[in-house]
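The sequence and the structure come first, and the notes follow by topic.

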Amino acid sequence: MPAQVVLAAARAVLWRRLRRILIVLVPLVGVGLLAIVLLVALVGGTQNEQPAPSSLACPGAVMESAVSIDGLSPEQAANARTIVAVGRELGVPAYGWVIAVATAMQESSLINTPTGDRDSVGLFQQRAAWGATADRMDPATSARMFYTGGQQGQPGLMQIDGFERMALSAAAQAVQRSAFPNAYAKWEGLAAQVVGDPAVLSADCYVNAAFLRDGSAGSKALAAALAQVGTPYSWGGGTVSGPSLGFGSGAGVVGFDCSSLTQFAWHHAGVELPRVASAQAAALPHLPLDPKTWRAGDLIFLHAPGDPPDFFHHVAMYDGQGGIVHAPRPGLTVEVVHDFLSIDFYRGELAVVGRPGADVGEDIERTGAGG
């Protein structure tokens with residue numbers, strides 16, 4: 001048989017066999033490719049179609065502050081405030097706040113980063129098993145997970161028995177399970193310093209405060225006051241334009257005293273107040289001394305037993321959920337005092353609560369000092 005005929009016959013046989021193989025394989029390959037495409041689509045959908053994090057997960061914690069925190073960028077400071085605010089809302093002891101901030105310092109430098117080792121993202125570099133990407137990338141939600149645990153049963157700090165008595169690195173590692181368990185310890189001193197800064201320590205999730213959404217004058221005044229947390233107390237200092245040099249015991253200090261802070265804040269809400277506390281109290285309609293009748297922006301006036309009848313030695317602003325924002329005294333800074341009526345001093349000297357900008361027809365009661 002000629003060689004050409006043999007070669008042609010061999011080619012024909014090979015082609016028939018190859019065709020039979022392809023008839024079997026192509027559908028299998030097609031199904032396999034389709035499965036891969038669907039898997040990618042499902043995974044991509046899971047990653048990209050997460051519910052958006054709630055902007056109110058911890059509202060009020062990251063309000064812009066007029067006071068910088070040494071060594072931190074505005075984003076780092078805002079994230080530190082959020083971590084503390086969420087911890088406060090959950091009832092985590094202050095040591096837990098330090099653990100959380102130190103952990104975020106190690107994991108992300110307090111920067112809400114969208115990348116990390118493998119699928120880790122966010123402040124705490126939580127992996128996909130902890131929750132949706134959107135949740136891990138939301139500072140408040142990721143902080144909440146650090147404290148309370150992940151969505152597949154990963155323990156949070158509050159589930160670590162006796163974490164309050166543990167070394168910081170051991171407590172952080174019990175949550176994070178890092179390949180570098182001792183790396184957290186070096187941040188403890190700086191984390192404690194950051195948490196102790198008034199602008200961070202005062203942070204709160206204002207979940208019940210009307211000022212967040214109602215657009216009222218009180219909401220604007222409170223926002224202006226909260227933005228000054230950390231500003232030095234300066235006796236005689238402060239104007240409607242902002243902090244200024246004081247005089248007397250405030251000489252050489254740029255800041256606010258108690259009444260200039262409230263005057264400044266309400267000026268930003270479109271309401272003009274007198275300069276000193278007693279004059280402010282005299283100028284305002286008064287509310288019953290019942291916190292249920294108060295709302296964000298109301299002014300709290302204190303009267304000591306030895307003060308003249310119409311004299312008020314201090315004024316603060318109610319924050320809408322049990323606290324006050326105020327400029328306390330020389331040597332301190334503007335701060336938030338949470339649950340202020342649980343403190344004997346404030347409860348004992350509370351005399352008048354006034355509402356700037358209140359309409360004459362509002363159902364409020366005019367009371368005198370001590371009433």
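A residue counts as buried under 20% relative accessible area, as exposed over 50%, and as partly exposed in between. Glu-89 has a relative accessible area of 35% and is therefore partly exposed. The model is predicted.

**Helix H2 against helix H5**

- Helix H2 spans residues 74-90 and helix H5 spans residues 139-148; their axes come within 9 Å and cross at roughly 50°.
- The two helices, H2 and H5, are therefore oblique to each other.
- The crossing of H2 with H5 is right-handed.
- By residue type, the contact of H2 with H5 consists of seven nonpolar, four polar and two charged residues.

**Salt bridge Glu-89 to Arg-144**

- Side chains of opposite charge can pair when their charged atoms come close.
- Glu-89 and Arg-144 form a salt bridge through their side chains, with an N to O distance of 2.9 Å.
- Glu-89 belongs to helix H2 and Arg-144 to helix H5, so distant parts of the chain, 55 residues apart, are linked by this pair.
- Arg-144 is partly exposed because its relative accessibility is 25%.

**Salt bridge Asp-257 to Arg-275**

- In the salt bridge between Asp-257 and Arg-275, the closest N and O atoms are 3.0 Å apart.
- Asp-257 sits in the loop between strand S2 (254-255) and helix H10 (258-268), while Arg-275 sits in the loop between H10 and helix H11 (277-283), so the pair ties together parts 18 residues apart in sequence.
- With a relative accessibility of 7%, Asp-257 counts as buried.
- Arg-275 counts as partly exposed, at 27% relative accessibility.

**Salt bridge Asp-298 to Arg-355**

- Asp-298 and Arg-355 form a salt bridge whose closest N and O atoms are 2.8 Å apart.
- Asp-298 lies in the loop between strand S3 (286-287) and strand S4 (299-302), and Arg-355 lies in the segment after strand S8 (350-354); the pair therefore joins parts that are 57 residues apart in sequence.
- Asp-298 and Arg-355 are both buried.

Methods: Residues numbered from 1 in each chain as written. Predicted model: local features only at pLDDT ≥ 70, side-chain atom pairs only at ≥ 80, totals over all residues. Heavy atoms only, no water. Axes fitted to C-alpha atoms, helices over the stretch in contact; angles between N-to-C directions. Helix = DSSP H or I, 4+ residues; strand = E, 2+ residues; numbered from the N terminus. Parallel < 35°, antiparallel > 145°, perpendicular 65-115°, else oblique. Left-handed = near helix turned anticlockwise from the far one by under 90°. Nonpolar A, V, L, I, M, F, W, Y, C, P; charged D, E, K, R; others polar. Salt bridge = Lys/Arg side-chain N within 4 Å of Asp/Glu carboxyl O. Buried < 20%, exposed > 50% of the residue type's maximum accessible area, 1.4 Å probe, protein only.
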